[in-house]
Amino acid sequence: MDAARADAGDRAVDADELERLRQALEEERQRSLRLLADFANFRRRGARDNEAARGDARRAALLPMLPVLDTLERAAAGSMDADFYDGVAATRRLFESALREAGAEPVEAVGEPFDPNLHEAVGAVPSDEVEPGIVVREVRRGWRLPDGLLRPAQVLVAKGEEPGRPWR
């Protein structure tokens, strides 16, 4: 009988040991799942940070080029020499093409309602031809990237007639 009891005790110890091992296995499985989820989150965060860094780098590279394009536009507009004008206009077109290839697009302004997210008002002019709040002239072209505005367009906006006021 003692042998039977010893055998039953070994089984009880084995059952306790088995339960402890099952719990340890479940804890390790849960830990492994958490590590996999953490790694997936790390990869997504890294990809998002890389994309943001690429956008910032593109913005930093393109923004200093816009004043050069502005100067080319002014040079072409003020030229009386046809050959000079053709050369500057061709250079301006190449420059604009390079900006477009880099992902930049000009902001449409003239004839559009003033949008403070896209336009920077530098003045208001009375106009009988368009409603107040409509952009009537672009002073400096604005540019946007797929992920946001690169530079707002500087514009003149139509204003309504102000009623005459007494000077006193």
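**Figure 1. The hairpin between S4 and S5.** In this predicted model, strands S4 and S5 are connected by a hairpin of two residues. The two strands run antiparallel and are joined by three bridges. Within this pairing, Leu145 has Gly148 of S5 opposite.

**Figure 2. The open sheet S1-S4-S5.** Three strands, in the order S1-S4-S5, make up an open sheet whose pairing is antiparallel. Its edges are formed by strand S1 (105-106) and strand S5 (148-151), each of which pairs on one side only. Helix H2 packs on this sheet, where it touches S4 and S5, and the direction of H2 makes about 55 degrees with that of S5. Two bridges link S1 with S4 in the antiparallel sense. At this pairing, Pro106 is found opposite Trp143 in S4.

**Figure 3. Helix H2 and its buried side.** Helix H2 comprises twelve residues, 66-77. The distance from its first C-alpha to its last is 17 Å, close to the 16 Å expected at 1.5 Å a residue. Which residues of H2 are buried? They are Leu66, Leu69, Asp70, Leu72 and Ala76. Because these residues cover an arc of only 160 degrees around the axis, they lie on the same side of H2.

Figure 4. Val88, Ala89, Arg92, Phe95, Glu96 and Leu99 are the buried residues of H3. They are placed on the same side of H3 because their arc around the axis covers only 125 degrees. Asp83, Leu94 and Glu101, on the other side of H3, are exposed.

**Figure 5. The largest nonpolar core.** How many residues make up the largest nonpolar core? There are twelve in all: Leu62, Leu66, Leu69, Leu72, Ala76, Val88, Phe95, Leu99, Ala104, Trp143, Leu145 and Leu150. Two or more residues are given to this core by each of H2, helix H3 (82-101) and strand S4 (143-145). The most come from H2, which gives four residues. Apart from this core lies another, of five residues, including Ala109, Ala153, Val155 and Val157.

**Figure 6. The surroundings of Leu62.** Leu62 is one of the residues of the largest nonpolar core. When residues up to four places away in sequence are not counted, Leu62 touches Leu99, Ala102, Ala104, Leu145 and Leu150. Among these, Leu99, Ala104, Leu145 and Leu150 also belong to the largest nonpolar core.

**Figure 7. The open sheet S2-S6-S3.** A further open sheet consists of three strands in the order S2-S6-S3, with mixed pairing. Strand S2 (119-126) and S3 are at the edges; each has a single partner strand, so one side of each is left without a neighbour in the sheet. From one strand to the next, the twist averages 30 degrees. S2 and strand S6 (residues 153-159) run parallel and are joined by seven bridges. Ala124 stands opposite Val157 in S6.

**Figure 8. Arg137 in strand S3.** Arg137 is located in strand S3, residues 135-140. Is Arg137 buried or partly exposed? With a relative accessible area of 48%, Arg137 is partly exposed, because a residue counts as buried under 20% and as exposed over 50%. Its contacts, leaving aside neighbours within four places in sequence, are with Val110, Gln154, Val155 and Leu156. Arg137 and Val110 are 27 residues apart along the chain, and their C-alpha atoms are separated by 5.7 Å.

**Figure 9. The protein chain as the setting of the close-up views.** The protein chain holds three helices and six strands. Along the sequence, these follow the pattern α-α-α-β-β-β-β-β-β. Of its 168 residues, 20% count as buried. Among contacts in the protein chain with a separation of 6 or more, 61% are between residues 24 or more positions apart.

Technical notes: Residues numbered from 1 in each chain as written. Predicted model: local features only at pLDDT ≥ 70, side-chain atom pairs only at ≥ 80, totals over all residues. Heavy atoms only, no water. Expected span 1.5 Å × (residues − 1). Buried < 20%, exposed > 50% of the residue type's maximum accessible area, 1.4 Å probe, protein only. Arc of directions from axis to C-beta. Core = buried A, V, L, I, M, F, W, Y, C linked by side-chain atoms within 4.5 Å. Contact = heavy atoms within 4.5 Å. Pairing = 2+ DSSP bridges. Axes fitted to C-alpha atoms, helices over the stretch in contact; angles between N-to-C directions.
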